[in-house]
Amino acid sequence: MDPKTGEGSKFHLLDLPWEDVLISHVFCYLPIRQLVSLQRVSKQFCSLVQAYLSNCRTFDKQVGPHIPKEAFCSILKDNKVVQNLSVHNCCDWITDTELLPVIGQNQHLQRVDLQGCVRLSRHTLVALSLSCPQLQELGLAHCEWVDSLSLRSLADHCGGLRAINLTACRQLKDEAICYLARKCVALRSLSVAVNANITGESVEEVAKNCRELEHLDLTGCLRVQNDAIRTVAEYCPKLCSLKVNHCHNVTETSLGLLRKRNVEIDVEPPLMRALVRHHMVNMPYINLQI
């Protein structure tokens, strides 16, 4: 209450300090769709939202299918400091047209997830490799547009890469994975799952060059055999997990070496499988009829 006028003081949201309060402690809790709507309230709100968006370092779950193309481009048009970018929620519509400008002006990108973005092309991967030398983690699962040349470009320019998911990137063959392994020796996590082209040759090359490897996913790599897994056991002392489900040529002969080191493996040992089957076969019949 104002003692002179007797009227109550009126405060507006915009009266709060923009950088110290609204941008730092309020807007970070609002979904992107609400911020987009807030821009339409007034010119001041529009300026405030743009100031927030231009300084965001992470865009992941905030970006989703409810954001139209125009809004996506507007949201990131002034941002040059993004480090973590995930657009797999936009996979139904995002193309090179929307993504390439974002990559071009954000050279400090460290983590990028493009999982399932089938409308992109190899130009996106080449742009990432040329513009973002600090890239550490990259998700390309189910991006069948990834080819050997674009992966080679990534390997040549992003030697500090620590994790890459190439699940179901079916254009890739041993040659491309071997090249990646020789160039990106700091790899700690690699998935080449669901790729019938991958053989033990590339797995062994990864093992011999990437001694820091902790997680390896070979699910569905039908041509990988025991020799490759033995090489992994020999050269990768830091391995924590291995996925070999549906790798029919990989047996306990090689997996046993890793089990002794307590490596987490996604298939049960033969004895355990036999016990489960025996239990299921001999389970007493339970009559549930009343």
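User: What makes up the buried part of helix H7, residues 148-157?

Analyst: This is a predicted model. In H7, Ser150, Leu151, Ser153, Leu154 and Ala155 are buried. These buried residues pack against helix H6 (122-131), strand S4 (137-139), strand S5 (163-165) and helix H8 (174-183).

User: Why is Cys73 called partly exposed?

Analyst: Cys73 has a relative accessibility of 37%. Buried requires under 20%, exposed over 50%, and partly exposed is in between. Cys73 therefore falls in the partly exposed class.

User: Is Cys236 buried or exposed, and what makes it so?

Analyst: Cys236 has a relative accessible area of 0%. The cut-off for buried is under 20%, so Cys236 is buried.

User: How many disulfides does a search of the whole structure find?

Analyst: The search finds zero disulfides.

User: What makes H9 roughly parallel to H10?

Analyst: Helix H9 (residues 200-209) and helix H10 (residues 226-235) pack at an angle of about 5 degrees. Angles under 35 degrees count as roughly parallel. H9 is therefore roughly parallel to H10. Their axes are 8 Å apart.

User: Which residues of H9 and H10 meet, and how do they divide by class?

Analyst: From H9 come Gly200, Val203, Glu204, Ala207 and Lys208. From H10 come Asp227, Ala228, Thr231, Val232 and Tyr235. By class, the contact has five nonpolar, two polar and three charged residues.

User: How much of the chain is buried, and what is its secondary structure?

Analyst: Of the 290 residues in the chain, 44% are buried. The secondary structure comes to twelve helices and nine strands.

User: What share of the contacts with a separation of 6 or more joins residues 24 or more positions apart?

Analyst: Such residues account for 71% of those contacts.

User: What is the accessible surface of the chain, and what share belongs to carbon and sulfur atoms?

Analyst: The accessible surface comes to about 15,800 Å². Carbon and sulfur atoms hold 52% of that surface.

Terms used: Residues numbered from 1 in each chain as written. Predicted model: local features only at pLDDT ≥ 70, side-chain atom pairs only at ≥ 80, totals over all residues. Heavy atoms only, no water. Axes fitted to C-alpha atoms, helices over the stretch in contact; angles between N-to-C directions. Helix = DSSP H or I, 4+ residues; strand = E, 2+ residues; numbered from the N terminus. Parallel < 35°, antiparallel > 145°, perpendicular 65-115°, else oblique. Contact = heavy atoms within 4.5 Å. Nonpolar A, V, L, I, M, F, W, Y, C, P; charged D, E, K, R; others polar. Buried < 20%, exposed > 50% of the residue type's maximum accessible area, 1.4 Å probe, protein only. Disulfide = S-S within 2.5 Å. Areas by Shrake-Rupley, 256 points an atom, 1.4 Å probe, with all protein chains shown as cover.
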